[in-house]
Amino acid sequence: MHVIVVANQKGGVGKTTLSGHLAVEAVRAESGSVVLIDTDPQGSLSQWWHERKAETPHLAQIEPAKLKAQLATLEENGIDIAIVDTPPAVTATNRQVIALASLVLIPTRPSPHDLRAVGSTIAMAEEAKKKMIFVINGAAQRARITGEAAISLSQHGTVAPVTIFQRTDFASSMIDGRTVQEIDEKSRSAAEIAELWKYVYTHLLK
Ligand SMILES: Nc1ncnc2c1ncn2[C@@H]1O[C@H](COP(=O)(O)OP(=O)(O)O)[C@@H](O)[C@H]1O
Ligand SMILES: [Mg+2]
């Protein structure tokens, strides 16, 4: 089973948004049986999931302290991909979760504050010797800082060649438990998510 942990100690960078969107995309792309896991006590991802009408991706209720055993059970039950959302913090729990990752996905907004804040998340993933993929999220159109952010992040790991732009539908689609692809599969946001998933999935299989 592949375990994608979505982490960044900073809040508001798109961890929950991308967890939900990538899980829906993994199902749409028929990459396997997909489960979402919410380790954030705020529970935003779980709340979104409970608004959903679609049955997939699944949501697994877990206790972070028992995550290892619970992942093993999910694997026995035929789950191929687990996408784990995490709280914005540098805690022992987040370290334990990252230790179980096949891949750590680090969404970052292209701003100086966000780039400065990402260091401790990189350190956690490096300590655990995990593959990292950075995703630039919430980029403005034609902003030079997006390219600069990619260059600075690339010194620490792989930067996804797909940028996720700031688009209202990423927020609005989630109000009633959906995602951009489920609102309009031909939208640019949907295309960005499809490309991002393709890239992440290829890395998982490497
Ligand atoms: N690409 C984007 N375009 C527009 N809004 C976004 C985008 N990514 C995230 N958001 C919005 O930004 C806020 C923070 O995103 P969220 O996924 O909750 O971040 P985190 O889980 O890292 O705290 C939410 O209101 C979300 O809807
Ligand atoms: Mg969140």
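Q: Is A23 buried or exposed?
A: Buried. This is a predicted model, and in it A23 has 28 C-beta neighbours inside 10 Å. The cut-off for buried is 20 or more, so A23 counts as buried.

Q: Which element is A23 in?
A: A23 sits in helix 1.

Q: And what does A23 touch, leaving aside neighbours within four places in sequence?
A: A23 is in contact with V34, L36, P57 and I83.

Q: How far is A23 from P112, in sequence and in space?
A: They are 89 residues apart in sequence. In space, C-alpha to C-alpha, they are 29 Å apart.

Q: Back to P57. Where does P57 lie?
A: P57 is in the loop between helix 2 (44–51) and strand 3 (58–60). The peptide bond from T56 to P57 is cis. Its omega is near -10°.

Q: Now helix 1 as a whole. How many of its residues are buried?
A: 13 of the 14. So helix 1 is largely enclosed by the rest of the structure.

Q: What span should helix 1 have, and what does it have?
A: At 1.5 Å a residue, its 14 residues should span 20 Å. The end C-alpha atoms are 20 Å apart, which agrees.

Q: How do helix 1 and helix 10 cross?
A: Helix 1 covers residues 15–28 and helix 10 covers residues 188–205. Their axes come within 9 Å and cross at roughly 75°. That makes helix 1 roughly perpendicular to helix 10.

Q: Which residues meet there?
A: From helix 1, H21, L22, E25 and A26. From helix 10, I193, A194, L196, W197 and V200. By class, the contact has seven nonpolar residues, one polar and one charged.

Q: What about ligand 1? Which residues come nearest?
A: There are 16 residues around ligand 1, and K15, T16, T17, F170 and A171 come nearest. Helix 1, strand 6 (132–139) and helix 8 (168–172) each give two or more residues to the shell.

Q: Which element gives the most?
A: Helix 1, with three residues.

Q: And what classes make up that shell?
A: Five nonpolar, nine polar and two charged residues.

Q: What follows helix 1?
A: E30, whose phi is positive, near 55°. E30 is a residue other than glycine. It lies in the loop between helix 1 and strand 2 (34–38).

Q: Is E30 buried or exposed?
A: Exposed, with 7 other C-beta atoms within 10 Å.

Q: What is the phi of R142?
A: Positive, about 55°, although R142 is not a glycine. R142 lies in the loop between strand 6 and helix 7 (144–154). R142 is exposed, with 6 other C-beta atoms within 10 Å.

Key. Residues numbered from 1 in each chain as written. Chains lettered and ligands numbered in written order. Predicted model: local features only at pLDDT ≥ 70, side-chain atom pairs only at ≥ 80, totals over all residues. Axes fitted to C-alpha atoms, helices over the stretch in contact; angles between N-to-C directions. Helix = DSSP H or I, 4+ residues; strand = E, 2+ residues; numbered from the N terminus. Parallel < 35°, antiparallel > 145°, perpendicular 65-115°, else oblique. Contact = placed C-beta atoms within 7 Å. Nonpolar A, V, L, I, M, F, W, Y, C, P; charged D, E, K, R; others polar. Near = placed C-beta within 6 Å. Buried ≥ 20, exposed ≤ 12 C-beta atoms within 10 Å, placed from the backbone. Expected span 1.5 Å × (residues − 1).
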